[in-house]
Protein chains: 2
Amino acid sequence: MEAASWIEDGMTLGLSGFTRAGDAKAVPYALVGRSKTDPIKVNVYTGASLGSDVDKLMAEHGLVLKRLPFQADKTMRNRINKGEMLFVDQHLSHTAELIRADVLETIDYAIIEAIAITEDGLIVPTTSVGNSSIFVEKAKHVIVELNTFHPSELVGVHDIYQLGKQGERNWVPLKKVDDRIGTPGIRVDLNKIKGIVMTNQSDSPSLIAPPDEETQQIADHLIDFLRKEIASGRLTERLAPLQSGIGSVANAVLHGLLSSEFSDLEIYSEVLQDAVFDLIDAGKVRFASGCSITLSEEKANDVFNNFDKYRNQLILRPQEISNLPEIIRRLGLIAINTALEVDIYGNVNSTHVLGMNMMNGIGGSGDFARNARLSIFVTKSIAKDGKISSIVPFVSHVDHTEHDVDVIVTEQGYADLRGLAPRERAPLIIEKLAHPMYKQQLLHYYHEALAKGGHTPHLLEKAFSFHLNFVKHGTMQGKMVQMA
Amino acid sequence: MEAASWIEDGMTLGLSGFTRAGDAKAVPYALVGRSKTDPIKVNVYTGASLGSDVDKLMAEHGLVLKRLPFQADKTMRNRINKGEMLFVDQHLSHTAELIRADVLETIDYAIIEAIAITEDGLIVPTTSVGNSSIFVEKAKHVIVELNTFHPSELVGVHDIYQLGKQGERNWVPLKKVDDRIGTPGIRVDLNKIKGIVMTNQSDSPSLIAPPDEETQQIADHLIDFLRKEIASGRLTERLAPLQSGIGSVANAVLHGLLSSEFSDLEIYSEVLQDAVFDLIDAGKVRFASGCSITLSEEKANDVFNNFDKYRNQLILRPQEISNLPEIIRRLGLIAINTALEVDIYGNVNSTHVLGMNMMNGIGGSGDFARNARLSIFVTKSIAKDGKISSIVPFVSHVDHTEHDVDVIVTEQGYADLRGLAPRERAPLIIEKLAHPMYKQQLLHYYHEALAKGGHTPHLLEKAFSFHLNFVKHGTMQGKMVQMA
């Protein structure tokens, strides 16, 4: 394809796409094809993860110099962890600011999937907005992939609000999840459009696992907690606008609200997964604002074949608006995100296996956790048949500090950490959240640390003993590894 | 004093005071006196640290059940670290939200130092605002300490803007550092005022050390960096509104701007220390917005005896407005905060010595670092005559993750980490920031970790080897402690 030939070695591309939705497909494929005979390397910026195996193929063919701000592909992850390509893991609300301020590399080509381009210069995105508006604004050239697969009823769902430069901008005039404050498409200087490519290809379906017994228990505990908040007068049965992170556990937890008494709910989130539409179908959710729509194949068929039914209850926004601290705090969101591991003081690792190997990235979890009314993290208490405890003495990587974590929920129960000092948090976390097979081992660590004192008692020589047990013996269980 | 007798065991007090400025003095003293014969325990909430030895005396007399959100007193710190009292270390912008939402204990008495109470029900604070406005709004009773020591010209300097509840509030209509958006005092229901106590007592002077050779070198490196930003077109010589953290190093760095070519500067910070007024005196700073004025004895005499000279260039705001993510991001601050230690990937520990013992608290550093245009951390590369390296393989406590740290400066140089992947950051941090006596040891760790791979290469079994060396041998120098 001609468009792929315009791209030169060392250039920086801004691709549309957020959590497998609305990604540019044709030009990246053509670029992969070209690279087989004409190897080049480029920087690839996106909204979040891509679908259509684009990250996989680009990684396989060694196309990527530097990738940001998020990915979720196994092949790419392996190359990142081997040091064969660079990855910058960013808060999803930060990337646009860095591009706007000319801190990152200048974007040579913005490659944007669209459902339409209007005569007056609006590019209407498809199933995600991501960082596309800042890519279009700052890129030297724009290539549009006009994808006829998506339903035309998507037109009018987007609300594109462009922030000005820091120091020169206004407040963002959004007070309710359904406020429309921008334009239905991305304003573009038509002279910047170097090419338009026609495509007809669906997004990749989401990969989330269905709810299981443990995720249902997590949802039940979360609902218990929310009921106590209502009983205390801090919430009503309408709760507060909900954010739910990417992934199976967070989706399953949201799904659990289907059988709750809560009603007239609102969503102000990044990705709108199956559970959001199930809740709309059930009449539980009155409005959902997000940055992308990422659905399983079955749900996608339902939703996009009947999109008229949903379009008045949806807005898709740029990710710096869906994830903006200003709005998250103003609206007072209830944020539900997934932890990889948590420690006995409530610090959360969302990204790094054994402190070293990247899974996907922090995504928007930091934007939400820091600024939400209620910052909730969910995780199963064990993984790999109990060989791994998700509750550890000291997390091997910190993405969210104890300051930003209000409530943690596992299938064992919930721990409400608000207003608690470290010495109050640790016993509660161990009691309420840890799996019975790890409780004694955690208590042993805590009591030994406690004897040494400190505001946050720790034994640095044994802080990673769980992880080191796993590396040496294939399980975190066992006595604590001692220093020489 | 009668007022102290109203306070009952188990009550929660909200005291005015932020970094030794504008703290309630008489009632806490009377309470300490009473506790000698009538022991009671209370929860103590403040803006930030107190002066006048109030924290010291309360700690000595075992008066405090739970203290939040910040303290900086040696005696209190010792009791906290021994587990003899509880301390909750919070982002300084978060406390008011938790009180407003009825998450923390209900405040029985707000005890507020004031310079005046107006007939129409405004309490005019003295040298700090801190959390006083939310304390007054939510407390059952209010006691006012009318302190005649402070200059009456302080009236009119404050700008009290009260946020509504989350989900019901408006945007905060502040676009420039000198915008006035509120009232000159704290609105109070006069029926809630249970007593007024007359006092005449100065604030405690600040305890900051004067600039030294290393802090001057840090300032010089920072100025170099800022010059490069100007050369690149990302900043002008007016820079951007500056925030500078509490403490000697940050104050010295700001002081270093005196000899720079930058002019027409603006400050949007928490505490306004000596350096801010030196910069105003030198005609470098045109306006300063803060939450408190904390000065050395000498500077305080200068400033408060000539306050007319300054009052049109100053605003004092509640700490949730000085530290609000919404405003920090809108204005695009340059945030300069102090690190206790940083690791080779750019994570920052601001609070915990050896991961266990609390120094002061995270304060507002998280509010600023996460949301600033430029998040800068400063520290000397070594402490205790080189026995401690401030650059370590893995910080023993994480207050700021790599995502929130743009630039780190030591007396050795600066490292600009923006847009860099972990494997780019580590060599740069070691090369530019570490003291020569620790460079080889850090490189050795990094290269051994690199051989094992990972997005963020680490050796969990040696991650705390620097800290363990220090515990065992009194210095971080030496070979890495090995696991058994």
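A salt bridge here is a side-chain nitrogen of Lys or Arg within 4 Å of a carboxyl oxygen of Asp or Glu. The legends below describe a predicted model, in which local features need pLDDT of at least 70, side-chain atom pairs count only at pLDDT 80 or more, and totals for chains, interfaces and linings use all residues. Residues are numbered from 1 along each chain as its sequence is written, chains are lettered from A and ligands numbered from 1 in the order in which they are written, and side-chain values use heavy atoms, with hydrogens and water left out.

**View 1. Asp38(A) and Arg34(A) form a salt bridge.** The N to O distance is 2.9 Å. Asp38(A) is partly exposed, at 33% relative accessibility. Arg34(A) is buried, at 18%. Buried means under 20% relative accessible area, exposed over 50%, and partly exposed in between (1.4 Å probe, protein chains only).

**View 2. Asp38(B) and Arg34(B) are joined by a salt bridge.** Nitrogen and oxygen lie 2.9 Å apart. Asp38(B) has 32% relative accessibility and counts as partly exposed. Arg34(B), with a relative accessible area of 18%, is buried. Elsewhere, salt bridges with shared partners link Glu97(A), Arg100(A), Arg169(A), Glu320(A) and Arg329(B) into one network. Over all chains, the salt bridge count is 72.

**View 3. Lys25(A) pairs with Asp23(A) in a salt bridge.** The N to O distance is 2.9 Å. Lys25(A) is buried, with a relative accessible area of 0%. Asp23(A) is also buried, with a value of 0%.

**View 4. Asn131(B) sits in a loop of chain B.** The loop runs between strand E6 (122-125) and helix H6 (132-138). Helices (H or I, at least four residues) and strands (E, at least two) are DSSP runs, numbered from the N terminus. Asn131(B) counts as buried, at 2% relative accessibility. A polar atom of the Asn131(B) side chain lies 3.0 Å from the backbone oxygen of Thr46(B). Contacts (heavy atoms within 4.5 Å) of Asn131(B) beyond four places in sequence are Thr46(B), Gly47(B), Pro69(B), Thr95(B), Ala96(B) and Gln319(B).

**View 5. Asn371(B) belongs to helix H13 (residues 365-371) of chain B.** Asn371(B) is buried, at 2% relative accessibility. Neighbours within four places in sequence are left aside here. Asn371(B) then touches Gln166(A) and Pro325(A) in chain A, and Pro325(B), Ile328(B) and Arg329(B) in chain B.

**View 6. An unreviewed UniProt entry annotates a "binding site" in chain A.** The annotation covers Gly245(A), Ile246(A), Gly247(A), Ser248(A), Val249(A), Asn360(A), Gly364(A) and Lys384(A). These residues span 140 residues in sequence, and their farthest two C-alpha atoms are 26.2 Å apart, so they do not all gather at one spot. UniProt positions follow the numbering used here, feature names are shortened, and annotations may be inferred rather than shown by experiment.

**View 7. Gly247(A) lies in the loop between strand E10 (242-244) and helix H8 (248-256) of chain A.** Gly247(A) is buried, with a relative accessible area of 17%. Apart from neighbours within four places in sequence, Gly247(A) contacts Ile208(A) and Gln273(A).

**View 8. Gly364(A) is placed in the loop between strand E20 (357-358) and helix H13 (365-371) of chain A.** Gly364(A) is buried, at 4% relative accessibility. Not counting residues up to four places away in sequence, Gly364(A) touches Leu92(A), Glu270(A) and Asn323(A).

Definitions and conventions:
A polar contact is a pair of N or O atoms within 3.5 Å; within protein, one must be able to donate a hydrogen and the other to accept it, and residues adjacent in sequence count only if both atoms are side-chain atoms.
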